Amino acid sequence: MLLFHSSTGCICMYLLSASSLNFRGFQYAQAMLFAIEEINNSTHMLPGISLGYKIYDVCGSIARSVRVALASVTRDEVAFTPSDTACTQIGHIATCACLSDKTKHPSFLRTIPSDDYQSRALAQLVKYFGWTWVGAIRTNDDYGNNGMATFIETAQQLGICLEYSVSVFLTDTPNKIRQIVDIIKSSTSKVIVTFLLPLDLYAILQELSHHNLTGYQWVGTESWIFDFQTAAQDRHHILDGAIGLFIPSAHVSGMREFILDVKPLNSSSNKLFTEFWETLFSCKFKQLNSSVENQRECTGHEDVTEVKNTYTDMTLMPLFYNVYKGVYAMAHALHNILSCNKTCNNKTDVVILKRMLQSLMLLRHLKIQFVTKEGDEVYFDENGDPAAKYEIINWQPRENVFNLGAELTTGKIPFCSEKCPPGTRKVLQKGKPVCCFDCLRCAEGEISNATGVVIFNASSNITNNSELSFLLLFSLTLCFLCSLTFIGRPSEWSCMLRHTAFGITFVLCISCVLGKTIVVLMAFRATLPGSDVMKWFGPAQQKLSVLGFTLIQVIICILWLTISPPFPFKNFKIFKDKIILECALGSAVGFWAVLGYIGLLAILCFILAFLARKLPDNFNEAKFITFSMLIFCAVWITFIPAYVSSPGKFSVAVEIFAILASSFGLLICIFIPKCYIILLKPEKNTKKNMMGKGAPKSS
């Protein structure tokens with residue numbers, strides 16, 4: 001964690017190091033010093049201003065981290081008291097999404113992406129490999145709980161099921177760790193998604209090794225997936241094949257050499273550096289009045305190139321680069337505040353400068369965009385987060401050395417339940433996620449699709465919905481009969497009856513066809529296991545839908561007859577020597593509203609039937625409905641210009657022709673195929689054949 005603080009006469013940066021014996025902490029410190037030296041030696045960045053630094057040892061303690069951070073901003077090296085002093089922090093390794101909450105952490109920024117992105121990316125990665133049945137383990141803190149919550153939310157949206165989700169913490173008892181391992185042993189999932197800190201993972205690995213539990217596909221986060229220390233702890237190869245995400249690899253010219261140049265540390269009188277040197281080279285400095293026993297004496301001239309340990313490992317260079325970018329972000333903000341051009345404004349009053357840096361001005365200037373010397377763009381969004389970029393890491397052991405980032409290889413992962421074969425249906429297991437189901441044979445009269453997903457009773461819902469078929473026949477009969485109302489001398493009653501009877505009977509007819517189409521479409525599209533969608537469109541609902549559609553047309557006709565009904569009149573305009581008795585429309589709007597509503601239902605029916613046209617051949621009524629609607633629409637589309645351009649009695653003939661042609665189209669397309677089966681192919685008129693269980697065709 002980088003802290004920034006200003007006081008009289010100095011501008012300092014602080015690094016909280018995890019432990020005096022933790023080489024990672026020293027690497028982060030060296031990365032900070034490298035950036036500071038670059039800036040101090042630069043002629044264009046903060047000219048005339050020198051940045052200082054201070055390193056604190058927090059020994060891996062959260063409480064001590066807070067104490068040191070507060071002590072640094074209050075300038076109290078021993079104790080601390082509440083203070084109004086502002087402190088701007090830039091994190092290089094803290095990924096918890098909770099830190100993006102600016103109401104709680106207004107002055108926190110970071111150069112590593114938030115776990116909100118990582119969690120969603122991990123869910124997408126798991127989905128990509130088809131792992132829909134997984135377990136989850138998380139560290140019981142903000143990092144693990146928040147990260148896993150986002151993963152679970154995204155995973156469920158992607159159709160991934162969790163068999164278990166457990167938490168662990170470093171201070172948990174051995175019994176708690178054993179309980180977690182027992183859950184893993186008894187589970188059927190072979191994929192384990194983790195949001196764990198390394199120390200918590202080590203505790204799990206140690207217990208798993210006692211049970212020789214290997215062969216699991218581990219999915220990890222940036223906290224351990226790219227760490228050789230974790231690989232070194234996995235002596236039983238439990239994590240072989242692990243996969244996860246890490247921030248992209250980075251190269252900073254000169255940084256590696258700077259970090260490995262430890263000789264300047266030897267000249268320091270700081271006890272921390274002395275202890276570091278002794279640990280790095282496995283030796284001991286000879287102290288005054290003391291002797292070195294059972295250990296090699298340090299000479300101070302040891303060569304770092306002769307040792308190979310965590311400190312010489314540069315695999316975490318992306319994190320060192322984050323420290324580097326954090327220092328430069330601070331420098332750019334100061335550069336802007338001090339109005340630096342060729343020189344900085346060194347005459348600025350120290351008190352004024354201190355107030356400027358302690359205000360929100362520094363925070364505002366930190367949210368800038370700049371480009372590093374390596375050409376990478378650095379910026380912070382409104383939450384203080386950088387852009388999220390990840391690389392996929394895969395662990396493959398090569399002669400006892402883990403090859404991080406090798407070619408991706410994954411084994412076959414079992415599911416909670418395999419896909420159901422044709423002829424069977426899914427039955428959810430009680431108390432289990434939707435990924436867990438049993439496959440049962442379809443009952444008589446039921447069919448399923450290729451994966452056992454679509455289930456419905458064909459005999460009760462399709463080629464036997466006889467009520468709709470009889471109602472359709474009845475409405476077609478009325479359609480034929482309504483053409484008779486157009487014959488004879490027009491009267492007040494016949495003029496009102498002919499158009500309203502035509503409008504209502506045709507809507508009744510189309511409503512029946514529409515109901516049959518919806519039944520077929522909904523039955524075959526009910527794709528979720530245990531779906532009860534057909535319950536909402538059973539025989540009662542089908543009748544109500546027909547009644548509802550027809551009732552709308554009845555209301556339109558009543559309004560037409562009430563406001564301006566059709567009436568008989570004598571037409572003298574067409575022929576000079578003849579008087580034509582005909583029915584005037586009264587309200588043209590009413591007439592076209594009746595026709596428009598019929599056309600709307602016909603188009604809707606055609607669209608639904610077209611969508612259902614590729615259903616199994618034995619349930620091909622949708623194809624015949626499609627053809628009937630094509631004929632129906634074609635007839636009435638051509639009716640409009642013919643009716644408008646036909647004078648007098650010819651308009652009546654056009655309307656009668658349209659009624660009869662569309663009625664015959666519906667009758668022939670829908671019922672002739674049924675009559676063909678009933679009269680000429682009676683052997684196919686059986687439930688067994690309708691369910692597709694008949695004998696195969698001979699070649």
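Here's a quick briefing on some helices and annotated spans in this structure. Keep in mind that the model is predicted. UniProt, in an unreviewed entry, lists residues 468–488, 500–524, 544–563, 584–612, 624–644 and 656–679 under "transmembrane region".

**Two of the annotated spans**
- Residues 544–563 are 100% helix and 0% strand, and the C-alpha atoms at the ends of this span sit 28 Å apart.
- Residues 584–612 come out at 83% helix and 3% strand, with 42 Å between the end C-alpha atoms.

**Where α15 meets α17**
- Helix α15 covers residues 466–482 and helix α17 covers residues 539–563; their axes come within 10 Å and cross at roughly 25 degrees.
- Angles under 35 degrees count as roughly parallel, so that's how α15 runs relative to α17.
- On the α15 side, the contact uses Glu-467, Leu-468 and Leu-471, which meet Pro-539, Gln-542, Lys-543 and Val-546 of α17.
- Sorted by type, the residues in this contact of α15 with α17 are 4 nonpolar, 1 polar and 2 charged.

**Helix α10**
- In α10 (residues 271–281), the buried residues are Leu-272, Phe-273, Phe-276, Trp-277, Glu-278, Leu-280 and Phe-281.

**Helix α11**
- α11 (residues 317–337) has 21 residues, which at 1.5 Å a residue should span 30 Å, and its end C-alpha atoms agree with that at 30 Å apart.
- Most of α11 is covered, with 20 of its 21 residues buried.
- Just after α11, Ser-339 takes a positive phi of about 50 degrees.

Key. Residues are numbered from 1 along each chain as its sequence is written. This is a predicted model: local features need pLDDT of at least 70, side-chain atom pairs count only at pLDDT 80 or more; totals for chains, interfaces and linings use all residues. Side-chain values use heavy atoms; hydrogens and water are left out. UniProt positions are given in the numbering used here, feature names are shortened, and annotations may be inferred rather than shown by experiment. Helices (H or I, at least four residues) and strands (E, at least two) are DSSP runs, numbered from the N terminus. Axes are lines fitted to C-alpha atoms, for helices over the stretch in contact, and angles run from 0 to 180 degrees between N-to-C directions. Angles under 35 degrees count as roughly parallel, over 145 as roughly antiparallel, 65 to 115 as roughly perpendicular and the rest as oblique. Contact means heavy atoms within 4.5 Å. Ala, Val, Leu, Ile, Met, Phe, Trp, Tyr, Cys and Pro count as nonpolar, Asp, Glu, Lys and Arg as charged, and the others, Gly among them, as polar. Buried means under 20% relative accessible area, exposed over 50%, partly exposed in between (1.4 Å probe, protein chains only). The expected span of a helix is 1.5 Å times one less than its number of residues.
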